[in-house]
Amino acid sequence: MPSMQAILFYGPGDARLVESPIPTPGPGELLVKVGAALTCGTDLKSYRRGHPRIFKTLPSPFGHEFAGVVAEVGAGVERFAIGQRVVAANSAPCGECAFCREERESLCERLEFLNGAYAEYIAVPERIVRRNTYLIPDHLSFAEAALIEPLACVLHGLDALDLQLGATAVVLGCGPIGLLFVNALTLRGLSVIASDRHEPGLAAARHFGAVATVNAADMGDSVDEQVAAARALTPGERGAPVVIEAVGRAETWTAATRMARRGGQILLFGGAKAGTIFPIDGTALHYDELTIKGVFHHTPRHIHLALYLIASSAINARDYLTANRPLAETIAALEESGAHRGIKTVIVPPSADLAPLGALAHEDA
Ligand SMILES: [Zn+2]
Ligand SMILES: [Zn+2]
């Protein structure tokens, strides 16, 4: 049986590069030779503490943002052919459950997840081939195309908000997701204030359009001071009509609610640890008519829109790709992203060419 190199997840803190059989595509499936995969904060979290939905069996395939070339087509596949460059999302909804029927596809009861991007080959399940796989326009690299997944999550988050041209938004957290929010909100005509604890993230936020930044570490991590600093930058110091939390910690969730102005919308986007409870001022919630929303994952519509925005250069994907690493160094690359170095690292399988670096590559040496 032909084999390939793949990173497999064995348990929290334990992922290994192993020789693994190349998957055989079943009916309706595609076998894709991975051209590039991207590191993601979710993968780092999953590596450190495991993940109940992503890792169904152990050892498990690992990695979920990727693009590549069709190497084999399963029986009955008509839309794709061997040799085509494709990008696939990491899930697809069933289209039939109660939530799918209400067009809430991110809440699908049978959402099918795909992992295994940190490998030379990946088999894309039938449902994802049918609903969430696209040809890559010729002018995009594999790594650029692979950015559709995190961008789609962000576009899904923005759709949960009422965004007015010229309004102020605060974004808490300048990791890849926070930066995509800064970028997309700026595109939508909002004036963005970004906050983070690390200067490289704030510099990147300014690159992507933030008009002002708050370094939370400068305030000795005092939440009161961070809230005051962010509010001081909003019109009339009233707070922001839109506040987005892209960190995933109870303290920043609370801080986000306190940065909103009357009638403000707070999007809690960062996923927190299971069982996280956070305090909120009930008086403000009521008398200030705050709206607090949680948003998870993406939908096929947002995957489609993300590819359009990257292909049209409305979102410049290259600016997010700050390093290249061979497959064998995947875990080191994930740890590096956890240490706030760079934005996204392109993981390149042994048999693929190194992809070009993005424009921000040298800013955070
Ligand atoms: Zn991701
Ligand atoms: Zn469903």
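Which residue stands opposite lysine 293 in S16? In this predicted model, the residue facing lysine 293 of S16 is leucine 267. Strand S15, spanning residues 260–268, pairs with S16 in the parallel sense, and four bridges join the two strands. Both belong to an open sheet of six strands, ordered S13-S12-S11-S14-S15-S16, in which the pairing is parallel. Because strand S13 (212–215) and strand S16 (291–294) each have a single partner strand, they stand at the edges, and one side of each is left without a neighbour in the sheet. From one strand to the next, the twist averages 15°.

Arginine 262 is exposed, at a relative accessible area of 67%, whereas aspartate 288, at 23%, is partly exposed.

A further salt bridge joins aspartate 159 to arginine 301 (2.5 Å, N to O); since the former lies in helix H5 (residues 148–159) and the latter in helix H11 (residues 300–311), the pair ties together parts that are 142 residues apart in sequence. Aspartate 159 is partly exposed, with 43% relative accessibility, and arginine 301 is exposed, with 51%.

Arginine 325 of strand S17 and glutamate 336 of helix H12 form a salt bridge of 2.2 Å, N to O.

Notes: Residues are numbered from 1 along each chain as its sequence is written. Chains are lettered from A and ligands numbered from 1 in the order in which they are written. This is a predicted model: local features need pLDDT of at least 70, side-chain atom pairs count only at pLDDT 80 or more; totals for chains, interfaces and linings use all residues. Side-chain values use heavy atoms; hydrogens and water are left out. Two strands pair if DSSP finds at least two bridges between them. Axes are lines fitted to C-alpha atoms, for helices over the stretch in contact, and angles run from 0 to 180 degrees between N-to-C directions. A salt bridge is a side-chain nitrogen of Lys or Arg within 4 Å of a carboxyl oxygen of Asp or Glu. Buried means under 20% relative accessible area, exposed over 50%, partly exposed in between (1.4 Å probe, protein chains only).
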